[in-house]
Amino acid sequence: MVLGTYEGVYIVGAGQTLYEKRTTKTVQHLIWEASDLALRSAGLAFEDADGLGITSFVLPPDNVTTMTEHMGLECRWLFQGLYGGASGIIGMLHAARAIQAGDADVVIIVAADVFDTESHMRMARSPGQHDYMGPWGYGAANGVFALHTRLYMEQYGATREDFGRLCIAQRENALLNPNALFKVPLTMEDYLDARPIAEPIHLYDCVHPCCGADAVVLVSEAVAQSLSAPKVLILGGGAIHNYPATDIYALTTGLETFRDRMYGQAGCGPDDMDFVQLYDDYPVMEFIQLEGLGFAERGKAKDFIRDNDCTVRGSLPINTGGGQLSAGQCGASGGMIGVYEAVMQLRGEADARQIKDCTRGAVAGYGAVSYGRGPSASACILARG
């Protein structure tokens, strides 16, 4: 085993529940359902699992420990995500280290929630938002990222059309995904004429919360050898929190602080990626993540989007299932949609949206929104095993 890599760990299963605007199911049921789908895709059962990691905003007062009771698991390793959209990747990387250390052999990582747009907007994510911003008419994340979007446009010359190009490409991808909430094509005219939410953000710039769950299963090499399911490798990964500590509007997620180490672990770079799955609550954050991952220089993501086709048939597919902007955001902003979609692409199981000759890709997560940004960011490089 090479020190610092994720050698000896395999992703062998992935599961995604139905994405719905409303549901009668409990969040506990959705966690179980996604976990069951992921285990089945791996050829495993619940009694095989000895590790569980969960991200959910609405699970309390239940927690990951009580979920082992609900699911009938006996676990040696547990994780409860607290990092918003960065949680899925962080949970997966922590699970990989636990497996390497021998603390678990079969780990389920799952993100789930049960809420609609209204309840999502009412949810107070931090005391700062609730106690200090709320009395001034704070519009939840829409207000925070309207400021980011305006600042990015003023500093780097990006236009609404630049953001629209990415949203339209993702909608085209979503139309190939039967589980995406949005079923109608998006034109530039539709995008530009959509009703304003918090200038310069309009309707199609805003993430669409929904009910659902995503899960993946990681196993040790010994377990992987006994399975016939397609295998996915973690080539590299990392996370950063509260960067930079001195500037909440620095237009960075901090991915650049560990990307060289991540690419060094993976033995490849941005030019070698067949896709990118970005955390896409708002298009501006996708631009910033593209720059942080090294696909574009600082402030140049607009040029990258102008020059590249980001649909599944294009030069660099982005959010191949439609992303959260067109498929839906479930799982406590847990970012698991990108992990799930990456695994499905690398298993060759993405059906109509499958990228030809897909061998490796990047996944990024971002979240835990506070006063002016999401202080947690994560990323990983996954490859076909």
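Q: Where do the residues of strand β7 (residues 212-220) lie, buried or exposed?

A: Strand β7 is mostly covered, with nine of its nine residues buried, where buried means under 20% relative accessible area, exposed over 50% and partly exposed in between (1.4 Å probe, protein chains only). Strands (E, at least two residues) and helices (H or I, at least four) are DSSP runs, numbered from the N terminus. This is a predicted model, in which local features need pLDDT of at least 70 and side-chain atom pairs count only at pLDDT 80 or more, while totals for chains, interfaces and linings use all residues. Residues are numbered from 1 along each chain as its sequence is written, and side-chain values use heavy atoms, with hydrogens and water left out.

Q: Which residues of β7 are buried on one side and which on the other?

A: In a regular strand the side chains alternate between the two faces of the sheet. In β7 both faces are covered: Gly212, Asp214, Val216, Leu218 and Ser220 are buried on one side, and Ala213, Ala215, Val217 and Val219 on the other.

Q: How many bridges join β7 to β1?

A: Two strands pair if DSSP finds at least two bridges between them. Strands β1 and β7 run antiparallel and are joined by seven bridges, with Asp214 in β7 as the bridge partner of Gln16. Strand β4 (residues 106-113) also pairs with β7 in the antiparallel sense, over eight bridges, and there Ile109 has Val216 as its bridge partner.

Q: Which residue of β8 is the bridge partner of Tyr10?

A: The partner of Tyr10 is Leu233, and strand β1 (residues 9-16) is joined to strand β8 (residues 232-241) by two bridges in an antiparallel arrangement. Nine bridges then join β8 to strand β11 (residues 376-384), again antiparallel, with Val232 opposite Arg384 in β11.

Q: Which residues of helix α10 (residues 259-266) are buried?

A: Met262, Tyr263, Gln265 and Ala266 of α10 are buried. Seen down the axis of α10, the buried residues fall within an arc of 155°, so they line one face of the helix; the arc is that of the directions from the helix axis to the C-beta atoms. The face turned away from this buried side carries the exposed residues Asp260 and Gly264. What covers the buried residues includes α3 (87-101), β8 and β11, where contact means heavy atoms within 4.5 Å.

Q: Which residues have the most contacts inside the largest nonpolar core?

A: In soluble globular proteins, nonpolar side chains tend to be buried together. A nonpolar core is a set of buried Ala, Val, Leu, Ile, Met, Phe, Trp, Tyr and Cys residues joined through side-chain atoms within 4.5 Å. The largest one here has 52 residues, and those with the most contacts inside it are Phe145, Tyr152, Leu293, Phe295, Ile305 and Ile381. A second, separate core of 36 residues includes Ala86, Leu93, Met344 and Val363.

Q: At what angle do the axes of α7 and α11 cross?

A: Two packed helices are described by the angle between their axes and the distance between the axes. The axes of α7 and α11 come within 9 Å and cross at roughly 95°; axes are lines fitted to C-alpha atoms, for helices over the stretch in contact, and angles run from 0 to 180 degrees between N-to-C directions. The two helices α7 and α11 are therefore roughly perpendicular to each other, a term that covers angles of 65 to 115 degrees. The contact is made by Asp162, Phe163, Leu166, Cys167 and Gln170 of α7 and by Pro283, Val284, Glu286 and Phe287 of α11.

Note on methods
Angles under 35 degrees count as roughly parallel, over 145 as roughly antiparallel, 65 to 115 as roughly perpendicular and the rest as oblique.
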